Protein chains: 2
Amino acid sequence: MKLCVAAIQISPKLGDLEENLVKTCTFIEKAIEKGARLLVLPELSNSGYNFENKQQALDCSEPVPYGPTVKEWEKIAKRHSTWIIGGINEKDQEKLYNSAVILGPKGYIGKYRKLHLFAKEKLIFQPGDTPIEAIREDNFSFGVMICFDWAFPEVTRILTLKGAEIICHPANLVLPYGQKAMQIRSLENHVFTITANRVGKERDLTFTGQSQITDVKGNVLAKGSKSKEEIVIAEINIELARNKKITPYNDLIKDRRPEYYSFLVR
Amino acid sequence: MKLCVAAIQISPKLGDLEENLVKTCTFIEKAIEKGARLLVLPELSNSGYNFENKQQALDCSEPVPYGPTVKEWEKIAKRHSTWIIGGINEKDQEKLYNSAVILGPKGYIGKYRKLHLFAKEKLIFQPGDTPIEAIREDNFSFGVMICFDWAFPEVTRILTLKGAEIICHPANLVLPYGQKAMQIRSLENHVFTITANRVGKERDLTFTGQSQITDVKGNVLAKGSKSKEEIVIAEINIELARNKKITPYNDLIKDRRPEYYSFLVR
C-alpha cells in the first residue's frame, strides 16, 4: 500500500498563536493539495520554542484537544480525510507539556507528551507522562516521538515493537545530529521516519531545517533546505516496513534476544 | 586518562589456524610497537568466516581459553601489558560459538559469545549465551560486541549502562551499514567504539574493511581502507566517555525514562 506523506517545514513565530494557526493551516492545505495523506508539523508549531520563562510559554499554550489550534487542524483532517501530527505547547491546568497531537479522518486520535525534554525545556515543561504507543489505522500504523527523543533508541524501538510502520517526528532540532540518527533509527527498525523540523532563529538558537523522510534502509527519500519554509513530500510503500528481514536469515525484530536485555529497564 | 587503541584490519585465511595465528601475532606486535595498549582483532580471526558447512568450521575451531590462538595472544598480552580483544571460532564440546576472547596484562579475562548471529552463521554457530557485561580495569572500562550486534542498539546501550567507556567490536562486515551505525552508537551512548573489520573475499562474500575508531560524538578518529591489511590507531581520552552530558541540562543516561521502556524486554 502506497501512502503520500509530508513534513511541513516552517518557522513558527514565538508567542503568536494566531499567526501560527494561520501559517500551519495554510501549509497543511498546500501539502494536501500536493497529495499528502499523512502530514507532520514541527514541535511546538502553535507557539514557537525558545521561551524566556514559563509565563511566556503559558501565555501561548492551549488545552488538547479543545484548544483553537487543534480544533482547526482537526477540521482540516476530517474535511480531507487526512492524518495530521503536529507539535503543540499543551496546557493542562497550570502544567505545560511539549506534546504532539494526533488527528485523523475521524478527528482527534490522541496525544503524545515528549518523554525526553531537551535543555531549558526542563525549566518550562513537565516530563512526558504518556506511554509509547503505536496508532493502528485500517491500512497502516504509525508512532509519534518528538525531537530529542531521537537520542534514545528505546523510543523508536518500542514504537516498532508495538507495530508502528511510520515514525512521525515533530522536531525543533538545534544540534547537528538528529537527522543522521533518524536514518539509523529507520534502518535498525525497518521503519519509515518523517522528521518535520522547523527553520528560523529564536534568540540564541538556530534551528537546522533539513526535514527529511527516510525509507526502511535509512535512505533519505526527500529532504528540506536548511532555512526555507517548505513542504517535504514523498510516497512510501508501507509493505516495506512490514518486512523486517535484513537478510534471508535475519529478522531485525525476531532476532532480538530480550532475555539478555533486562538491564535496559532497571 | 589517555589510551592508545588500535583496530587490526586483516584478511584471515579460511580454515588455516596456523597461518592466521602467525598473521594475528605479527599484526598485534606491530600495533604494540606503534604504541597501542588496547587492540581489537576482527571476528573469527583464527579461522576465517565463510564456511561451507559445520564440519569445515569445526576443523578450525578451538577451545577458549586453552586453544593455541588464545594461548599465544595471551602471552603477548602479558608480556607487553596490553589488552587484546579478538574474534575466535570457539569450540565447546561439539558446539561452536562465534566468540570474542578478552585478554589483559594478567592474562585471560573472559569471553563474549555473539548474541545476534548473522545470515548463515545460524547454520553453524550456537546463539550466544554469555551476558552483556562491561569489563572494569584500573583506569578504564570496556565492553565487547561482535559484528551484527551493531543492528541491535540494546547491546551498546547495556554495555554503556554497565559502565563500558570503550566498545570493542570485532567484525566481518559485509552489509554497507555497520560503520555508520557505530557512529550513532557512539553518539547516543557517549562512548568510544573500535570496529576491527576484516578485508578480503571468501566465496560470495566481500568484507568491507574501513575499520574505524569513533569518539563519543560519533566522529571518526581513524579509518582503514576498503581492502588493505593495516593497523588503524588513535589516542582516546577516556574522561570524555565518563561525561554523558550532551547539553548542560541533558545527560544521555540519566535522562532515560526506563519506567516507560518495559516493552523492550517483553
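How many residue pairs are in polar contact between chain A and chain B? The count is 22, with both residues at pLDDT 80 or more. A polar contact is a pair of N or O atoms within 3.5 Å; within protein, one must be able to donate a hydrogen and the other to accept it, and residues adjacent in sequence count only if both atoms are side-chain atoms.

Some ground rules. This is a predicted model, where local features need pLDDT of at least 70, side-chain atom pairs count only at pLDDT 80 or more, and totals for chains, interfaces and linings use all residues. Residues are numbered from 1 along each chain, chains are lettered from A in the order written, and side-chain values use heavy atoms, without hydrogens or water.

Now the interface. 49 residues of chain A are in contact (heavy atoms within 4.5 Å) with 49 residues of chain B. The rule finds 8 salt bridges across it. That rule asks for a side-chain nitrogen of Lys or Arg within 4 Å of a carboxyl oxygen of Asp or Glu. One salt bridge joins B:Glu154 and A:Arg256, at 2.9 Å, N to O.

Next, one residue: B:Ser61. Find this serine in the loop between α2 (54–58) and α3 (68–80) of chain B. Helices here are DSSP runs of H or I, at least four residues, numbered from the N terminus. Beyond four places in sequence, its contacts include B:Leu17 and B:Leu96.

Conventions:
Helices (H or I, at least four residues) and strands (E, at least two) are DSSP runs, numbered from the N terminus.
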